[in-house]
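Colleague: Thanks for making time for this. Could you walk me through the structure, one question at a time?

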Protein chains: 2
Amino acid sequence: MQALWLQNQQLTYKNDIPTPDPLFGEAQVRVRLAGICATDLGLVKGYYPYNGILGHEFVGDIVFAPNAPDKIGERVVGEINVPCGTCHFCKTGLTNHCKRRTVLGILNRSGAFAEYLCLPLKNLHPVPATVSDDLAVFTEPLAAALQIQEQRSIHPTDRVLIVGAGRLGQLIAQTLILTGCQLQVVARYQKQRELLATRQIPWVYEQAVSEKFFDLVIEATGTSSGFAMARQAVRPQGTIILKSTYKGETTVNLSSLVTEEINVIGSRCGPFAPALRLLERGLIDPALLIEEKFPLEKGLQAFERAGQPGALKVLLQMT
Amino acid sequence: MQALWLQNQQLTYKNDIPTPDPLFGEAQVRVRLAGICATDLGLVKGYYPYNGILGHEFVGDIVFAPNAPDKIGERVVGEINVPCGTCHFCKTGLTNHCKRRTVLGILNRSGAFAEYLCLPLKNLHPVPATVSDDLAVFTEPLAAALQIQEQRSIHPTDRVLIVGAGRLGQLIAQTLILTGCQLQVVARYQKQRELLATRQIPWVYEQAVSEKFFDLVIEATGTSSGFAMARQAVRPQGTIILKSTYKGETTVNLSSLVTEEINVIGSRCGPFAPALRLLERGLIDPALLIEEKFPLEKGLQAFERAGQPGALKVLLQMT
């Protein structure tokens, strides 16, 4: 089959990759559409060691399911973590943190930038008929945005800042504006500001961010300068949620976290069911964020486009 | 009056310091007993710029209170932050974080290593008659220990680790053991282990701490190695509470906080009323922690003693 293959930080398009076979309890999915995210760009840069097929945001159809033939033909999206199910973390509900887990296109499991992928049936969620492929392909990052509200209640009176208005920052903004909170988004590019404006989401210039003002700051840039801005903007006893991964180590003044009693929370994957509900209800419109679609064989061009500053969501289409 | 005076990181004993006069709403307190803590040692090392009389843990008697003469003779302990009362932080309940605050013996307010100090009447709490001076002098650090439970509920089933069994670590251990949680304390010195044993608090060697095991880790050493140990010990989605201040900046892998969804919370001053209630009920026994008492004129010796590795609480007595 065709796939984008990463080997020693070298990404290549191949058309001779063996089609993956489903293990017990798994289904084989024919991918329709897949999205490139910052993690994929980071993997190509070597932030984490991974060799294999990249990609973890997708929508596709179940084409083979040895243990559940009635599922064939279902249009699905999929949770990316495949836990062992038997370790202490799995048994205490921390399945997404299972030490033996595989992760689609990230850790020991062939990913979604390919014609076919395999995932356990329990990872797959049927997509409501009214949710188009262009929307459904955003389910995974939208779920990650919702993880914020799994970890920390947003009060309608909260002053909330999102640092970064890229792919993930925009999705987070669309979820948080629904809470009624007093939201501002730091947006560097004109296109980002226009997108926020279409959803009536207030944006702010970097240099105009109020200091020690926000109850909650979401850091969605994954840069040390983004963290520094979050640190300046949060009020004493406020919360910073880290929503992106960072290259290497960051220098942090821990004493200032103590004296101002700041709460820093790391945040990763989130729940798919509410993400699909919000898409079905039309309360989130991620299709606005589509920058460009490329066929899989033009995957390298797609990655180049996705890596450009200010680029929004680049999709790969398997036709 | 006599006092310990810090000027340009030089601590001296003086007997010609003017007695401070209470402002409107303040009381003048004659200090009985005062405690030396890590913050005092840090101020002498120049971690924060402060010139003046050191000291913020004390018990004493109100001797002069222009607006409340009925209070004269009350034996009291005192909250150390004096907020402006009018700024945004003060009006939203963040009085301990008021930008214009003074802090006893730490920021623009003469401290407790002196015969007399002044604090607003509203900062002072009468000490129950059954609570001795040797216990009451621990009210401030005990309140700081209780701040942990103001910020994060401790479940009786939680696995909790305290890194550090010095002055503050011991007090925190005495408060957390009351919750019924599964508690372990990393104790470096034999004396610390014996103290913990007298309260039936389990201790553990540094090299025997379980990895990714604890729901909650309290970092009470204020060292980067203590933070590294806390980071190793906490489970995914677990919480690290930073209870000490750190010298300079620390290198932190923010990405690992994100992927493991760790919560890091800075924690500072706490509530006095529950600290006094626990002392009155005999549920906490900080007097075990008294290393040695020195008269104020031997203050420099007292500081030397307090700075020795493994030293517990050194007190200054004003006679």
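Modeller: Happy to, and please keep in mind that this is a predicted model. Let's begin with A:R109.

Colleague: Is A:R109 buried or exposed?

Modeller: A:R109 sits in strand β9 (residues 108-109) of chain A. Its relative accessibility is 13%. Buried means under 20%, so A:R109 counts as buried.

Colleague: Which residue's side chain joins that of A:R109 in a polar contact?

Modeller: Beyond its neighbours within four places in sequence, A:R109 is in contact with residues including A:E26, A:Y50, A:C118 and A:T102. A polar contact of 3.0 Å links the side chain of A:R109 to that of one of them, A:T102.

Colleague: Let's turn to the interface. How much area do chain B and chain A bury between them?

Modeller: The contact takes 39 residues from chain B and 39 residues from chain A. Carbon and sulfur atoms carry 58% of the buried area. The total that the two chains bury is about 3,400 Å².

Colleague: Which residues of chain B lose the most area to chain A?

Modeller: Three residues together account for 18% of what the chain B side buries. They are B:L254, B:V258 and B:E261.

Colleague: How many salt bridges are there between chain B and chain A?

Modeller: Polar contacts do occur here, with 19 residue pairs found across the interface, both residues at pLDDT 80 or more. The side of chain B that touches chain A also has 8 charged residues, along with 15 nonpolar and 16 polar ones. Even so, the count of salt bridges between the two chains is 0.

Colleague: Which element gives the most to the side of chain B that touches chain A?

Modeller: Elements giving two or more residues to that side include α4 (139-151), β15 (234-242) and α8 (254-259) of chain B. The one that gives the most, with 5 residues, is α8(B).

Definitions and conventions
Residues numbered from 1 in each chain as written. Chains lettered and ligands numbered in written order. Predicted model: local features only at pLDDT ≥ 70, side-chain atom pairs only at ≥ 80, totals over all residues. Heavy atoms only, no water. Contact = heavy atoms within 4.5 Å. Buried area = accessible area lost by both parts, 1.4 Å probe. Salt bridge = Lys/Arg side-chain N within 4 Å of Asp/Glu carboxyl O. Polar contact = N/O pair within 3.5 Å; in protein donor to acceptor, adjacent residues only side chain to side chain. Helix = DSSP H or I, 4+ residues; strand = E, 2+ residues; numbered from the N terminus. Nonpolar A, V, L, I, M, F, W, Y, C, P; charged D, E, K, R; others polar. Buried < 20%, exposed > 50% of the residue type's maximum accessible area, 1.4 Å probe, protein only.
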